[in-house]
Amino acid sequence: MLYSLQEFFPYLTLHGRTFTDDTTDTLFFNWSGSGITFRFHGTYLRAKIMGIHGHIDNIEYPYIGICRNNSRQIDQRIRIEDGLQWYDLANDVKESSCKISIFKLTENFRGRCGLLELETDGYLEMHVQSEQQLRIEIIGDSITCGYGN
């Protein structure tokens, strides 16, 4: 099943600084640490993502990380090419339900990326907010994050 932004947006939990561009029907998550989380049922998942490479000699590309099923480790690191491309986010999923988190790994000046469509052989599941313990999350700039640039 193919989901447009308007169709899959209610299923998402947004993280960090994201914005939607209504003229291109795209959800952008350009800053490091920003992204989305959602749950799906199916054996595969892929996404149509718009990449815009960075301004430094046009050789900088944005990277995203994929975490599955509440993992805090990145299961997959994807370089987002310039223009519109389809990217495989999950293949041969064995679980009945799979939670996917997509996070921008690189800073804004290294390139931007936006999500336009999701495709799966199953369906998206509405995210149910569970009671969570209080916590503080600190997101810093390039110096406090240790990028060194």
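Guide: Let us start with the rings. The count comes to 3 aromatic pairs. Rings of Phe, Tyr and Trp (its six-membered ring) pair if their centres lie within 6.5 Å; planes under 30 degrees apart count as stacked, over 60 as edge-to-face and the rest as tilted.

Visitor: What makes the pair of Y3 and Y11 edge-to-face?

Guide: The ring centres of Y3 and Y11 are 6.4 Å apart and the planes stand at 70°, so the pair is edge-to-face. The limits were centres within 6.5 Å and planes over 60 degrees apart. Elsewhere, ring pairs link F19, F28 and W31 into a cluster.

Visitor: What kind of model is this, and how are residues numbered?

Guide: This is a predicted model: local features need pLDDT of at least 70, side-chain atom pairs count only at pLDDT 80 or more, and totals for chains, interfaces and linings use all residues. Residues are numbered from 1 along each chain as its sequence is written, and side-chain values use heavy atoms, with hydrogens and water left out.

Visitor: Why is Y3 called buried?

Guide: Buried means under 20% relative accessible area, exposed over 50%, partly exposed in between (1.4 Å probe, protein chains only). Y3 has 7%, so Y3 is buried.

Visitor: How do you know which salt bridges to count?

Guide: A side-chain nitrogen of Lys or Arg must lie within 4 Å of a carboxyl oxygen of Asp or Glu. The structure holds 3 salt bridges. One of them joins E119 and R46, with the closest N and O atoms 2.4 Å apart. E119 lies in strand β11 and R46 in strand β6, so this pair ties together parts that are 73 residues apart in sequence. Strands here are DSSP runs (E, at least two residues), and helices are too (H or I, at least four), all numbered from the N terminus.

Visitor: What makes K48 and E117 a salt bridge?

Guide: Their side chains meet at 3.5 Å, N to O. K48 lies in strand β6 and E117 in strand β11, so the pair ties together parts that are 69 residues apart in sequence. K48 has a relative accessible area of 22%, so K48 is partly exposed. R46 is partly exposed as well, at 25%.

Visitor: Which partner does E81 have in a salt bridge?

Guide: R79, with the closest N and O atoms 3.0 Å apart. R79 has 34% relative accessibility, so R79 counts as partly exposed.

Visitor: How do you know that the charged end of R79 sits over a ring?

Guide: NZ of Lys or CZ of Arg must be within 6 Å of the ring centre and within 35 degrees of the ring normal. The charged end of R79 sits over the ring of Y61, 3.8 Å from its centre. R77 does this with Y63, at 4.3 Å.

Visitor: What makes a group of residues a nonpolar core?

Guide: The members are buried Ala, Val, Leu, Ile, Met, Phe, Trp, Tyr and Cys residues joined through side-chain atoms within 4.5 Å. The largest such core has 27 residues; F38, I64, I100, I102 and L118 touch the most other members. Elements supplying at least two residues each include α1 (5–8), β7 (63–68) and β10 (98–104).

Visitor: How many disulfides are there?

Guide: The count comes to 0 disulfides. The rule asks for a pair of cysteine sulfur atoms within 2.5 Å. As for burial, C67 has 9% relative accessibility, so C67 counts as buried. C98 is buried too, at 2%.
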